[in-house]
Each structure stands twice: as C-alpha cells, then as structure tokens.
Amino acid sequence: MTTTDYLINAGFIVMVCWQAREKRLDRRALVIPLVLVFFVAQQYLHTIPTTGNDLVLIGLLAGAGLSLGLLSGFATHVRPGSDGFALARVGWVAGGLLVAGISSRVVFAFVVTHGAEPAIRSFSIAHQISAAAWPVALVSMAICEVTVRVVAVYLRGRALQAAPAKTTAAVGLGAAA
C-alpha cells in the first residue's frame with residue numbers, strides 16, 4: 001500500500017466522522033459519495049482477473065462489502081426534517097461497521113507488506129487465486145460497501161419524505177367525505 005492509499009483510507013474514516021453530524025439528505029448526499037466511488041473505481045479497477053478462483057474471492061469480498069453497507073445503511077439514524085428533506089447521521093453502530101470495513105482492508109494490506117506475504121501467497125496458490133485478484137477484491141468490497149450504504153440511506157430518507165404526503169392526502173380525502 002502506498003502513502004496515497006493510506007491517505008485515501010484515512011479520508012474515508014474522516015468522512016465517517018463527518019457524517020456523525022446530522023446532514024440533510026438531498027441530491028448532494030447521493031451524488032457526491034457516488035462520484036467519489038466512481039473516482040476510486042477508475043483509479044484502481046482496470047481489469048477483472050478471471051483465472052482460477054479469482055471471481056470467487058472478488059464475489060466473497062464484494063458480498064462482505066454489500067453486507068457491511070446494508071447493515072450500516074439500516075443502522076444510520078434517519079428522521080424527517082422540518083424543510084421537507086430527511087436528515088441522517090451515522091451513529092455508533094453504523095460508524096463502527098464502516099470503520100470496521102475500512103480498517104479490515106488497511107490492516108490486510110499492512111499485514112501483507114509486513115511479514116504475512118508468504119502465508120497469503122501459500123493460501124492463494126492452494127486456492128488458485130492470482131495476485132491480481134486481491135486488490136480488485138478489496139476495492140470491490142469498498143465500492144459495494146459505500147454504494148449500498150449511500151443508496152440505502154437515501155432511499156430510507158425518500159420514504160420518510162413521501163410518508164407525510166400520503167398521510168396528508170389521506171386526511172384530506174377523509175375530511176372531504
């Protein structure tokens with residue numbers, strides 16, 4: 001892992017801490033994280049290795065990211081705001097899940113470069129995983145985690161925004177009858 005990689009991951013942790021403050025769920029709350037995810041994907045994903053069990057590893061880690069993102073998305077506090085937009089903030093559980101995902105990738109990269117490379121190489125050979133699959137799998141995990149969490153929180157906020165309109169319409173219909 002390069003210094004840039006560590007800085008990107010540190011930036012993700014800072015972003016999680018920043019989300020601990022309640023934020024308005026408007027289009028920026030959806031677009032900005034997805035643009036950042038697209039940037040990271042463009043920087044790191046150039047080819048998808050398909051030899052041996054590479055796709056299995058990529059699928060497993062992407063599934064882990066999807067699970068962490070979904071759990072974090074549902075653990076995020078979302079409430080209706082006074083201006084018609086929902087408000088969201090990351091609590092301890094959601095933040096912990098996000099930091100756990102980020103930290104697991106950083107720790108894996110650190111351990112590989114500080115003595116565990118022979119063990120990972122042996123594991124990879126025994127399970128027919130190419131060296132090119134590991135970075136793709138770890139980046140896929142991160143992309144799935146962030147994307148699923150952002151979309152889940154945004155959809156939960158949209159459901160809250162739509163709920164008062166339905167209630168008002170139902171009350172209006174009841175009063176007219």
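## Cores and salt bridges in a predicted model

Arg24 counts as partly exposed, at 36% relative accessibility (buried is under 20% relative accessible area, exposed is over 50%, and partly exposed is in between, with a 1.4 Å probe and protein chains only). This is a predicted model, where local features need pLDDT of at least 70 and side-chain atom pairs count only at pLDDT 80 or more, while totals for chains, interfaces and linings use all residues. Residues are numbered from 1 along each chain as its sequence is written, and side-chain values use heavy atoms, with hydrogens and water left out.

**Salt bridges**

- Searching the whole structure turns up five salt bridges (a side-chain nitrogen of Lys or Arg within 4 Å of a carboxyl oxygen of Asp or Glu).
- Arg24 pairs with Asp83 in one of them, at 3.4 Å from N to O.
- Asp83 sits in the loop between strand E2 (77–80) and strand E3 (86–89), and Arg24 is in strand E1 (residues 23–24), so this bridge ties together parts 59 residues apart in sequence (helices, H or I with at least four residues, and strands, E with at least two, are DSSP runs numbered from the N terminus).
- Asp83 is partly exposed as well, with a relative accessible area of 44%.
- Another bridge joins the side chains of Asp26 and Arg28, 3.5 Å from N to O; Asp26 is buried at 12%, whereas Arg28 is exposed at 58%.
- Glu145 and Arg105 also form a salt bridge, with their closest N and O atoms 3.0 Å apart.
- Glu145 belongs to helix H5 and Arg105 to helix H4, so here the parts tied together are 40 residues apart in sequence.
- Both partners, Glu145 and Arg105, are buried.

**Nonpolar cores**

- The largest nonpolar core has 16 residues, and Val16, Val90, Ile102 and Ile143 have the most contacts inside it (a core is a set of buried Ala, Val, Leu, Ile, Met, Phe, Trp, Tyr and Cys residues joined through side-chain atoms within 4.5 Å).
- Helices H1 (3–18), H2 (27–44), H4 (92–126) and H5 (133–176) are the elements that each give two or more residues to this core, and H5 provides the largest share, five residues.
- Apart from this core lies another of 14 residues, among them Leu57, Val112, Ile120 and Met141.
- Ile102 is in contact (heavy atoms within 4.5 Å) with Asn9, Phe12, Ile13, Val16 and Glu145, leaving aside its neighbours within four places in sequence.

- Most residues other than glycine have a negative phi.
- Gln128 has a positive phi, near 55°.
- Gln128 lies in the loop between H4 and H5 and is exposed, with a relative accessible area of 53%.
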